[in-house]
Number of protein chains: 2
Amino acid sequence: MSDPNRFTAIYEIRPCADESAEARARDITLEQTVELPAAVVPEEIAATMVGRVETLEPIDTGVWQTRISYPLAAVGDELTQLLNVLFGNISLKHGIRLVDVEWPEALLATFGGPGCGISGIRALTGVHDRALVATAIKPMGLSARDLAAHCHAFALGGVDIVKDDHGLANQPSAPFDERLLRCQAAVTDVNAAEGGSVQYFPNVTAPWPTMMARAEAARSAGCRGVLVNAWVTGVDALSALREEFGLALMAHPALTGTYFRPDHGITADVLLGDIFRMAGADAVIYPNHGGRFGFSRALCERINDRLRRPLAGLRTALPVPGGGISVDSAGDWARRYGRDTVLLIGGSLYAQQDLAAGARRLNEATRQAR
Amino acid sequence: MSDPNRFTAIYEIRPCADESAEARARDITLEQTVELPAAVVPEEIAATMVGRVETLEPIDTGVWQTRISYPLAAVGDELTQLLNVLFGNISLKHGIRLVDVEWPEALLATFGGPGCGISGIRALTGVHDRALVATAIKPMGLSARDLAAHCHAFALGGVDIVKDDHGLANQPSAPFDERLLRCQAAVTDVNAAEGGSVQYFPNVTAPWPTMMARAEAARSAGCRGVLVNAWVTGVDALSALREEFGLALMAHPALTGTYFRPDHGITADVLLGDIFRMAGADAVIYPNHGGRFGFSRALCERINDRLRRPLAGLRTALPVPGGGISVDSAGDWARRYGRDTVLLIGGSLYAQQDLAAGARRLNEATRQAR
């Protein structure tokens, strides 16, 4: 029944009052491929290149679910064109939500997925039997020296991954190059003294040539991973970084939020759980339930599931829930989400008088949650 | 009154029932800069780096407008970080819409804007006194030879810019390299025979290293401009292409649509009219009023205005309304939008029996609309 030359995207559609669900679904098949009215599409192209409505059924009042298959030949072998086929033009319409994709093995193999994956990040950090703890150095405006002092305290307390805040770029207060060297030195010093494997992930997000130069600088400085705002750079940045540097990649969801509306967009689990992973993220930050953002607990679990599920030959990736986790609740979250999780704690840690002591409590909480 | 070290973003906010407008606005100032609760932000950072609510006033039932100033030091000199400050994390919240930015000259000078601008594209095409006409070669699935035949017909009919459909990437049916050479040859032949200056803009959208290689190939083949799906690649791709190749850049809005919701996101005129232009687009495609997408006529005019308005030393850019324009209505649209417009006509042209004759009628319509 399944055509090896096609793959299937699943959309929820909410047709307007004057429009049938059939018409809306058919419109997607044309808009996302040939971009022509059906009447002027040559017959052989209609048969081979146009999307095909495989199923269409009502699932709620005014809401339909449709499975649309596209030819692999519409994508070729590029992630950019895959995004374009899945949601490029229809992003400009309304009432269309991409809720799942049945990824064909050929595409997965092409895009490659995580270069390190969960096992790779566990090997880097030396943490094998519990959830990992991460935090961000901040706020912007501090000097590189002060940020490095935070790194030192967090490393001393046993945070496993100390990352730059995603808004630390190349501001005059703490230029990238200086911050990189000072922070990495702080972590290296603690590791040498304590025998640990704390990792510092600098934020390499930047316009392209600069981003690649920063990743190279990070590798030269001894970093084993970096942070990227992957929707700001274009998500294929993850693939390029994976290919070029062999660094672990933690992806931040900045700018993705408009896709996550209930009636139009791409679900967060598909975008952050599948697409970020396919592109090469080894760890994916998302706004945890109960924090400053509105993700439900169920949605968070769905993201976790997609990052960790078997998916052809792709490595698994670590979910990194951030927000809503305090030093006190970290153990609970570790139990809820399971050990293949990175708990990202920011504000609550900074509210502690002593950063290292706060970090120590966090680390202890994840040990007890094993 | 205005601090030269800060710049101002204007948001419409729709606070939840249990939240004051003041709290929502203050939240943005923290979320977009230091990402910490106010209580743990060091005093000197709070005074210098945190956003500042300059004004806050109700503009409709449940809707407030707030002017928030950010320090230039929060951005540094990178477009990626500018996007992050303006809307990165708050994209994940709701009821926040970026409706305007008072761009500081320092940032505009840094980002640079169009490399060719309206005058540059007029010089390329030799069209100085009327609206330009563009079309796309399609559909995907045709061979490079067949697409080149379309190029030939359109060039013969006097289309000024023949671009690849934005979904033509590197599909097996018409691989990029072959398509580039055949299509450019078709246009060059017609120009040589007829003394015209029709331009072929191939779509160079691709993962990064490949995108740059395609732009280089386009330049080598004699193309003077290219098409980019600039939100798919990351919008800073425009700047890199401008710097590296000196090609005219036409930007397509694929994947941007989720930002254009009335209650949350970034207005289309700010994103496509200002940000795309600042990044380096010489011409910006948007879905025209009356077409398959829901842009109002007023919104289209606002995009036109932003692309053409004086903005520090930046070159102006050409609006490229696409959709909803037929061979018959092209003259009317040219009169409505003015001569500094590129009318992009696809489906209606393909519905003509004779593509060259249809293109000729289009060209004639814009001449009569002068």
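Entry 1: a pair in chain B. I started with the side chains of B:Arg67 and B:Glu102, which meet in a salt bridge at 3.1 Å, N to O. The two residues are in distant parts of the chain, 35 residues apart: B:Arg67 belongs to strand E3 (residues 63–71) of chain B and B:Glu102 to strand E4 (residues 96–102) of chain B. I also looked up the accessibility of B:Glu102, and with a relative accessible area of 37% this residue is partly exposed. I note that the model is a predicted one.

Entry 2: salt bridges elsewhere. I searched the whole structure and got 48 salt bridges over all chains. In chain A I picked A:Arg179 and A:Asp164, whose closest N and O atoms are 2.9 Å apart. A:Arg179 sits in helix H8 (residues 176–194) of chain A and A:Asp164 in strand E6 (residues 161–164) of chain A, so this pair ties together parts 15 residues apart in sequence. Both A:Arg179 and A:Asp164 are buried.

I then took A:Arg309 and A:Asp274, which form a salt bridge with the closest N and O atoms 2.8 Å apart. This pair links distant parts of the chain, 35 residues apart: A:Arg309 is in the loop between helix H13 (297–308) and strand E12 (318–322) of chain A, and A:Asp274 is in helix H12 (residues 268–279) of chain A. Is A:Asp274 buried or exposed? A:Asp274 has 0% relative accessibility, so I wrote it down as buried. A:Arg309, at 27% relative accessible area, is partly exposed. Both residues belong to a network of salt bridges that also links A:Asp100, A:Asp269, A:Arg302 and A:Arg306.

Entry 3: B:Phe154 is in helix H7 (residues 144–157) of chain B and B:Tyr350 in helix H15 of chain B, so the pair ties together parts 196 residues apart in sequence. Both B:Phe154 and B:Tyr350 are buried.

The rings of B:Trp333 and B:Tyr337 have centres 5.2 Å apart and planes at 40 degrees, so I put this pair down as tilted. They are four residues apart in helix H14 (residues 330–337) of chain B, which means a separation of about one helical turn. B:Trp333 is buried at 6% relative accessible area, and B:Tyr337 is buried at 3%. I also found a cluster joined by ring pairs, with A:Trp231, A:Tyr259, A:Phe276, B:Trp231, B:Tyr259 and B:Phe276 in it.

Entry 4: where the chains meet. I found 72 residues of chain B in contact with 72 residues of chain A. The area buried between the two chains is about 6000 Å², and carbon and sulfur atoms give 62% of it. In chain B, the residues that lose the most area to chain A are B:Leu92, B:Met140 and B:Leu255, together 12% of what that side buries.

Across this interface the rule finds four salt bridges. I looked at A:Asp263 and B:Arg261, which form a salt bridge with the closest N and O atoms 2.8 Å apart. There are also 29 residue pairs in polar contact across the interface.

Technical notes. Residues are numbered from 1 along each chain as its sequence is written. Chains are lettered from A and ligands numbered from 1 in the order in which they are written. This is a predicted model: local features need pLDDT of at least 70, side-chain atom pairs count only at pLDDT 80 or more; totals for chains, interfaces and linings use all residues. Side-chain values use heavy atoms; hydrogens and water are left out. Contact means heavy atoms within 4.5 Å. Buried area is the accessible area (1.4 Å probe) that two parts lose on being put together, summed over both. A polar contact is a pair of N or O atoms within 3.5 Å; within protein, one must be able to donate a hydrogen and the other to accept it, and residues adjacent in sequence count only if both atoms are side-chain atoms. Buried means under 20% relative accessible area, exposed over 50%, partly exposed in between (1.4 Å probe, protein chains only). Rings of Phe, Tyr and Trp (its six-membered ring) pair if their centres lie within 6.5 Å; planes under 30 degrees apart count as stacked, over 60 as edge-to-face and the rest as tilted.
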